[in-house]
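Here are my notes on the side-chain contacts, as numbered points. Please read them alongside the coordinates.

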Amino acid sequence: MIRLENLTKIYDPPPDADRQPQVIAADHLNLEIPPGEIFGLVGPNGAGKTTTLKMICGLLTPTAGRVIVNGVDVEQQPEEAQRHIGYLGDFFSLYDDLKTWEYLDYFARAYKMDPVAIPGRIDAVIQVMGLEAKRTAFIAGLSRGMKQRLGIARAIIHDPPVLVLDEPAVGLDPTARLDLKHLLTHLHREGRTIFITSHLLADLEEICTSIGIIEKGQLVRVGPLAEVMRAAAGARTIRVRLASSGFPLAAWLQARPEVAAVVSDTVRAQFSLTGGDTELAGLVKALVTAGAAVCAVEEISESLEEVFARLSRGAVM
C-alpha cells in the first residue's frame with residue numbers, strides 16, 4: 001500500500017551560512033507497508049520522521065527516489081495520489097467560525113467529491129468519529145480532543161485507503177488519548193492502512209502491527225512489532241518460581257550452557273535464555289524432570305520505550 005524506493009531528502013545550508021554541511025534528513029529509505037497495517041515510525045527529534053511523512057503525502061519533493069501509494073507515484077501523479085491519502089499533521093488548520101459539519105463540507109468539496117454524496121458522507125464520518133453532539137457546534141468551542149477528532153474526520157472525509165498521522169496524540173489528556181487509540185483501531189478494522197509517528201511509544205505499542213525505527217535519516221529496524229522487539233532484545237529474560245524450597249535452583253541453572261545472568265533465591269530465579277520457545281520448553285521440562293516443583297514460568301519483555309532507548313543510545317534527543 002505504501003512503498004518507498006531509495007527515498008532521499010537533502011537540505012542545503014542557507015546561502016549566508018558559513019561552511020555549514022548539508023543535512024541528510026532521509027537517507028535512501030526503502031520500505032514496503034502492506035495493506036491493512038498500522039505502521040509506527042519512531043525516532044529521536046531530528047531523525048527524519050516528519051520529513052519522511054511529508055514526502056509520503058506529497059508535501060515535500062524528494063531529492064531522489066520515489067513514493068508509491070496504492071500504486072500511484074506521489075510525485076508524478078500528485079492529484080491522483082491525494083485521493084488515496086488522508087493526512088493530519090501535528091499542527092493543522094481549524095476555522096473557528098465554521099460549524100463542525102460546515103468544516104467537513106468545505107473539505108469534501110475541496111477533494112472534489114460528488115456533491116450528491118457529500119451530506120451522507122458527512123453524516124457517516126460524524127458518527128464514526130463520535131461527533132454527533134457537536135455537529136452544529138462552532139469549532140471555536142470544541143475541546144482539544146474533539147478538535148483532534150474533527151481533524152481525523154477531515155482526513156477521512158474522502159474515504160482514502162491510507163491515513164497518515166503526525167503526532168496525533170500531542171496535547172491530549174489521558175482520556176482523549178485512549179479515545180484516539182480506540183478510533184484508530186476502528187479505522188484500521190474498516191480496512192485502512194495507517195502510517196503514524198509519535199513520541200508516545202506506549203500508545204504505539206498497543207495499536208501498531210509493524211514499526212520502523214529511524215535514526216539520522218536511516219531505518220535501523222523495520223518489521224512486525226513483535227519481531228522487531230524480539231530481535232532487539234537478543235537473549236530472553238525468564239523468571240521461574242518453585243512451589244517449595246530444597247531444590248538447588250541457582251546451581252542447576254548456572255550449569256546450563258543456554259542460561260546466563262542467573263539471579264536466584266531458594267524458590268525464585270531470573271535469568272537470560274538463548275533460544276526460542278523450543279529451548280524454553282526444553283529447559284522447563286528438564287527442570288521438572290530433575291525434581292524441581294515448578295509452579296510458574298514467565299517471560300519478562302522489554303517495552304517499546306526500553307527497546308527504543310537502548311537502540312537510540314547516543315542519539316541526539
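**Notes on side-chain contacts**

1. Aromatic pairs. A search of the whole structure, which is a predicted model, turns up 6 aromatic pairs. One of them joins Y106 and F107: the ring centres are 5.2 Å apart and the planes meet at 85 degrees, so this pair is edge-to-face. The cut-off for that label is an angle over 60 degrees.

2. Setting of that pair. Y106 is partly exposed, at 45% relative accessibility. F107 is buried, with a relative accessible area of 15%. Both belong to one aromatic cluster, together with Y95 and Y103.

3. A charge over the ring. F107 has a further neighbour to check. R154 lies over the face of the F107 ring, at 5.1 Å from the ring centre. F107 therefore has Y106 as an edge-to-face partner and R154 over its face.

4. Cysteines. How many disulfides does the model contain? The count is 0. Take C57: its closest cysteine sulfur is in C208, 16 Å away, which is too far for a bond. The search from C208 leads back to C57, again at 16 Å and too far for a bond. The cut-off is 2.5 Å between the sulfur atoms. Both residues are buried: C57 has 3% relative accessibility, and C208 has 8%.

5. A buried lysine. Look at K9, in strand β1 (residues 2-11). K9 is buried yet has no salt bridge. Which side chain of opposite charge is nearest to K9? It is D12, and D12 is 8.6 Å away. K9 does have a polar neighbour in the backbone: the oxygen of T61 lies 2.8 Å from a polar atom of the K9 side chain.

6. Salt bridges, overall. Side chains of opposite charge can pair when their charged atoms come close. Some of them are linked up: R3, E5, R66 and D73 make a network of salt bridges.

7. R192 and its partners. D159 and R192 form a salt bridge, with the closest N and O atoms 2.7 Å apart. This pair links distant parts of the chain, 33 residues apart. D159 is in the loop between α5 (144-156) and β7 (162-166), while R192 is in the loop between α6 (174-189) and β8 (193-197). R192 also meets E190 in a salt bridge, at 2.5 Å from N to O. What is the burial class of R192? R192 counts as buried, at 4% relative accessibility. Its two partners are partly exposed: D159 has a relative accessible area of 47%, and E190 has 43%.

8. A bridge between strands. E298 forms a salt bridge with R239, and here the closest N and O atoms are 3.5 Å apart. The pair again links distant parts of the chain: E298 sits in strand β14 (residues 294-300) and R239 in strand β11 (residues 236-242), 59 residues apart. Is each partner buried, exposed or in between? E298 is partly exposed, with a relative accessible area of 40%. R239 is partly exposed too, at 36%.

Definitions and conventions:
Residues are numbered from 1 along each chain as its sequence is written. This is a predicted model: local features need pLDDT of at least 70, side-chain atom pairs count only at pLDDT 80 or more; totals for chains, interfaces and linings use all residues. Side-chain values use heavy atoms; hydrogens and water are left out. Rings of Phe, Tyr and Trp (its six-membered ring) pair if their centres lie within 6.5 Å; planes under 30 degrees apart count as stacked, over 60 as edge-to-face and the rest as tilted. Buried means under 20% relative accessible area, exposed over 50%, partly exposed in between (1.4 Å probe, protein chains only). A charge sits over a ring if NZ of Lys or CZ of Arg is within 6 Å of the ring centre and within 35 degrees of the ring normal. Helices (H or I, at least four residues) and strands (E, at least two) are DSSP runs, numbered from the N terminus. Lys and Arg count as positive and Asp and Glu as negative; His and the chain ends are not counted. A salt bridge is a side-chain nitrogen of Lys or Arg within 4 Å of a carboxyl oxygen of Asp or Glu. A polar contact is a pair of N or O atoms within 3.5 Å; within protein, one must be able to donate a hydrogen and the other to accept it, and residues adjacent in sequence count only if both atoms are side-chain atoms.
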